[in-house]
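Please keep the sequence and the coordinates in view while reading.

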Amino acid sequence: AKARGGPLQAKIDPSATDTHLLRAATLAVVERLQADPAVAWAQPNYIRRAQLTPDDELYDRQWHYEQINLPDAWETTTGSNDIIVAVLDTGILSEHPDIDPARLVDGYDFVSTAFRGQDEDGIDPNPEDEGDDPRNQSSSFHGTHVAGTIGAWTNNGIGVAGVDWNVRIMPVRVLGVLGGTASEVSQGILFAAGLTNESGTVPDEPARVINMSLGGAGTSPIEQAAINDARNAGTIIIAAAGNDSSSDMYSPAGLDGVISVSASTVTGTKASYSNYGEKVDVAAPGGEFWDADGDDNLDAVLSTLGNDEGDFIYRYYQGTSMASPHMAGVVALMLAVNPELTPDDIDMLLAGTHPDTSIRITRDLGLPGRDDFFGHGLIDAAAAVIAASEVTGAGDIDPVGPRLSVLPASLDFREFQSALSVEVTNTGTGTLNVTSVTTDSPW
């Protein structure tokens, strides 16, 4: 407060442990000072925090992070090096400059034939991506794209940002030329979860999360058995819903115990290719190859990649394969604030039925409640980490308080539209009071 004769401070007893009582006591003192005619002005001594916007040069093209409220989530946590996410995919380009070698943990290659593996042997401890179509020089290097979304080297001044800045990545190669088999995928699941598998070895530390941006039609008892074992060991399993625009059964996303992720677009609709149905649990950005928001960039998902010539590049991909790692990265952030979370906890948080919190971690894109296109809704990273902190076992987490979130951050009327919608939500805790909404901006 500033008195007529100079500044003064009214101090509150800091020994109190209830932050709500401290806040109330502070505001009461401020109000008393404001009412004193000898005081020119009085205000709380507001806490300022760094705004965590990464400096990666292509971050402004990653529209998909704003869509899931990821920048707000980073204000709570940027992840933990104690958490490992296994990427069951085509392997990894470990020398990509935007893949942090310090955060790669030993994985495995379960592609079992020399031709499909392109490495002249069967299964081996090297998960490097040898290409899945080198003959036509059109390999996808899909696993590196997925890994980059989960945890690219972030705030390093180059390339793209990852959902989680600190998570460790375990590359497990299960796809090669012509794809991979259900048995190879199953062995990869067991390995990642630290369970007995055909390699005769297990990782020094099991993965807490498994991402599978892969799949195919039909049910698979061998994959279901591996998923059951991994889930019973505490591993959270996430998979892409598929890209056939179909409600037919798709494995492993449609199997029991798996979080099935459908794909949304920049405009918040279901991606045209995305599978749907009663097995879909949640939606995340998968993008499409167009420019609906008019920013002169594709509305697909930008991440790390390579090519058969040995170049390390960045490229847009679309698909539920791109949606699934968004969810895997968010779960890693949730585990960073509460490593005690179980697969059952994640299921209940998605469904909005967890007894420890009333915070909803998804936002409706379709009909209110669960629907077959988006499951329980679009994942909200900011709400997810706060909800995770409220689940029993989280330990001492600093209270966040109310937090205003408005999505999208800007509106584009260039397509001759006269009305567009924004969603205003509280992604923090406590009560958020919106005192005014201005509709007469000069533009």
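The account below begins with the basis of the model and the chain as a whole, and then turns to particular residues and elements.

This is a predicted model, in which local features need pLDDT of at least 70 and side-chain atom pairs count only at pLDDT 80 or more, while totals for chains, interfaces and linings use all residues. Residues are numbered from 1 along each chain as its sequence is written, and side-chain values use heavy atoms, with hydrogens and water left out.

The secondary structure of the protein chain comes to 10 helices and 18 strands, where helices (H or I, at least four residues) and strands (E, at least two) are DSSP runs numbered from the N terminus. Of its 443 residues, 51% count as buried, a term that stands for under 20% relative accessible area, with exposed meaning over 50% and partly exposed the range in between (1.4 Å probe, protein chains only). The chain exposes about 20300 Å², of which carbon and sulfur atoms supply 50%; accessible areas come from the Shrake-Rupley method with a 1.4 Å probe, and for residues only the protein chains shown count as cover. Among the contacts (heavy atoms within 4.5 Å) with a separation of 6 or more, 69% are between residues 24 or more positions apart.

The charged side chains come next. If a salt bridge is taken as a side-chain nitrogen of Lys or Arg within 4 Å of a carboxyl oxygen of Asp or Glu, the count comes to 11 salt bridges. One of them joins Asp 109 to Arg 173, with the closest N and O atoms 3.1 Å apart. Because Asp 109 lies in strand β5 (residues 108-109) and Arg 173 in strand β6 (residues 168-173), this pair ties together parts that are 64 residues apart in sequence. Asp 109 counts as buried at 0% relative accessibility, and Arg 173 likewise counts as buried at 0%.

Arg 173 also meets the side chain of Asp 119 in a salt bridge of 3.6 Å, N to O. Here again distant parts of the chain are linked, since Asp 119 is in the loop between α4 (114-117) and α5 (142-151), 54 residues apart from Arg 173 in strand β6. Both Asp 119 and Arg 173 are buried, and Asp 109, Asp 119 and Arg 173 are linked in a network of salt bridges.

Strand β6 also holds Arg 168, while Glu 205 is in the loop between α6 (182-192) and β7 (209-212), 37 residues apart. Arg 168 is buried, with a relative accessible area of 14%, whereas Glu 205 is partly exposed, at 36%.

The last topic is helix packing. Helix α8 (residues 320-337) and helix α10 (residues 381-390) pack at an angle of about 30°, with their axes 8 Å apart; axes are lines fitted to C-alpha atoms, for helices over the stretch in contact, and angles run from 0 to 180 degrees between N-to-C directions. That makes α8 roughly parallel to α10, as angles under 35 degrees count as roughly parallel, over 145 as roughly antiparallel, 65 to 115 as roughly perpendicular and the rest as oblique.

The buried residues of α10 pack against α3 (70-74), α8, α9 (343-351) and β16 (378-379).
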